[in-house]
Amino acid sequence: MVTARSSWSIWNRLFASVPAKPIPTQSKPPNPNAPGENNMTLRKFAGLGALLSIVMPSLAMAADEVAAPVLNSGDTAWMLTATALVLFMTIPGLALFYGGMVRSKNILSVMMQCFAITGLISILWVVYGYSIAFDTTGMEQGVVNFNSFFGGMGKAFLAGVTPASITGPAALFPEAVFITFQMTFAIITPALIVGAFAERMKFSAMLIFMAIWFTLVYA
C-alpha cells in the first residue's frame, strides 16, 4: 500500500536528479569612469608610448642611412681622368700648338704664357673663382641682386670644403675633384686667347689682362 510518505519520497527522488537551470544574470556594462578602467587605459597608452619611443629612433636612423650620400668610385675615377685630359689640352697641348704657329724666336714666349696662365688661374680659382662661380649665398629665387650676377664669397679660399665633402646631384664624387675639374676649364679658356695676341703683348700686360678677364667674364 502506497502511503503519502512513500509517494513524497518517490517524488523527491525523481526531481532531485534533474539539475536546476541557472538563473541568467544581466552583466553590467563597463564603467569608463571607474578607477580600474582608467588604470587599464593609462597602461595601454603608456605601453604604446614606450613602443613608439623604441621604434621611432630606429626608423629615423634607418632613414638617415638611406639618405646619406655614398661616394661612387666609378664616377670619381672618370672625373679624375677627364680632369687630366682637359689639363693636357693646355699643357702641353695649347703651348705646343701656339708655339708651332709663331716664329722660332717667340716659341718659348708663347709656351711660357700658357704655363703662366695655368699657374695664375689656378691660384685665382682657389682664392675666389670657385666661390663666385658656384656659391649661391645671397641669391634668392625671383629676386635680382648683386649676387645674381657676381655670385657669393661663401666658398672663398675653399671655405667649408673638406675631404669628406661630396657633390653632384646624380653622380656622387668628392667636391675637391669637382673643383679641380672646373678649374681646368677655367685655365684653358683664357689660354685660348693667347693665339689672338701672340708676339704682340708684353708678358706683364698679359697677366694683368688675364686676371681681369677671368674675374669679370669667366667667373
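## Aromatic residues

One aromatic cluster is formed by Trp125, Tyr128, Tyr130, Phe134, Phe173, Phe178, Phe214 and Tyr218. The structure holds 13 aromatic pairs, a pair being two rings of Phe, Tyr or Trp (its six-membered ring) with centres within 6.5 Å.

## Basis of the values

This is a predicted model, in which local features need pLDDT of at least 70 and side-chain atom pairs count only at pLDDT 80 or more, while totals for chains, interfaces and linings use all residues. Residues are numbered from 1 along each chain as its sequence is written, and side-chain values use heavy atoms, with hydrogens and water left out.

## Overall make-up

The protein chain has seven helices and two strands. These are DSSP runs numbered from the N terminus, with helices (H or I) of at least four residues and strands (E) of at least two. Starting at the N terminus, the order of the elements is α-α-α-α-α-β-β-α-α.

The protein chain has 219 residues, of which 26% count as buried. Buried means under 20% relative accessible area, exposed means over 50%, and partly exposed is in between (1.4 Å probe, protein chains only). Among contacts with a separation of 6 or more, 66% join residues 24 or more positions apart, where contact means heavy atoms within 4.5 Å.

## Salt bridges

A search of the whole structure finds two salt bridges, each defined as a side-chain nitrogen of Lys or Arg within 4 Å of a carboxyl oxygen of Asp or Glu. One joins Glu199 and Arg103, with the closest N and O atoms 3.5 Å apart. Because Glu199 sits in the loop between α6 (175-191) and α7 (203-218) and Arg103 in the loop between α3 (73-99) and α4, this pair ties together parts that are 96 residues apart in sequence. Glu199 is partly exposed, at 37% relative accessible area, and Arg103 is partly exposed at 48%.

Another salt bridge joins Glu175 and Lys155, again with the closest N and O atoms 3.5 Å apart. Glu175 lies in helix α6 and Lys155 in the loop between α5 and β1 (166-167), so the pair ties together parts that are 20 residues apart in sequence. Glu175 counts as buried at 8% relative accessibility, whereas Lys155 is partly exposed at 21%.

## Asp135

Asp135 is in the loop between α4 (107-134) and α5 (146-150). Asp135 is buried but has no salt bridge, and the nearest side chain of opposite charge, that of Lys155, is 5.9 Å away. For charge, Lys and Arg count as positive and Asp and Glu as negative, with His and the chain ends not counted.

A polar atom of the Asp135 side chain lies 3.5 Å from the backbone nitrogen of Met153. Leaving out residues up to four places away in sequence, Asp135 touches Tyr130, Gly151, Gly152, Met153, Gly154 and Lys155.

## Backbone features

The peptide bond from Ile91 to Pro92 is cis, with omega near 10 degrees. Pro92 is placed in helix α3.

Leu158 is not a glycine, yet has a positive phi of about 60 degrees. Leu158 lies in the loop between α5 and β1 and is partly exposed at 23% relative accessibility. Glu199, also not a glycine, has a positive phi of about 70 degrees.

Conventions. A polar contact is a pair of N or O atoms within 3.5 Å; within protein, one must be able to donate a hydrogen and the other to accept it, and residues adjacent in sequence count only if both atoms are side-chain atoms. Rings of Phe, Tyr and Trp (its six-membered ring) pair if their centres lie within 6.5 Å; planes under 30 degrees apart count as stacked, over 60 as edge-to-face and the rest as tilted.
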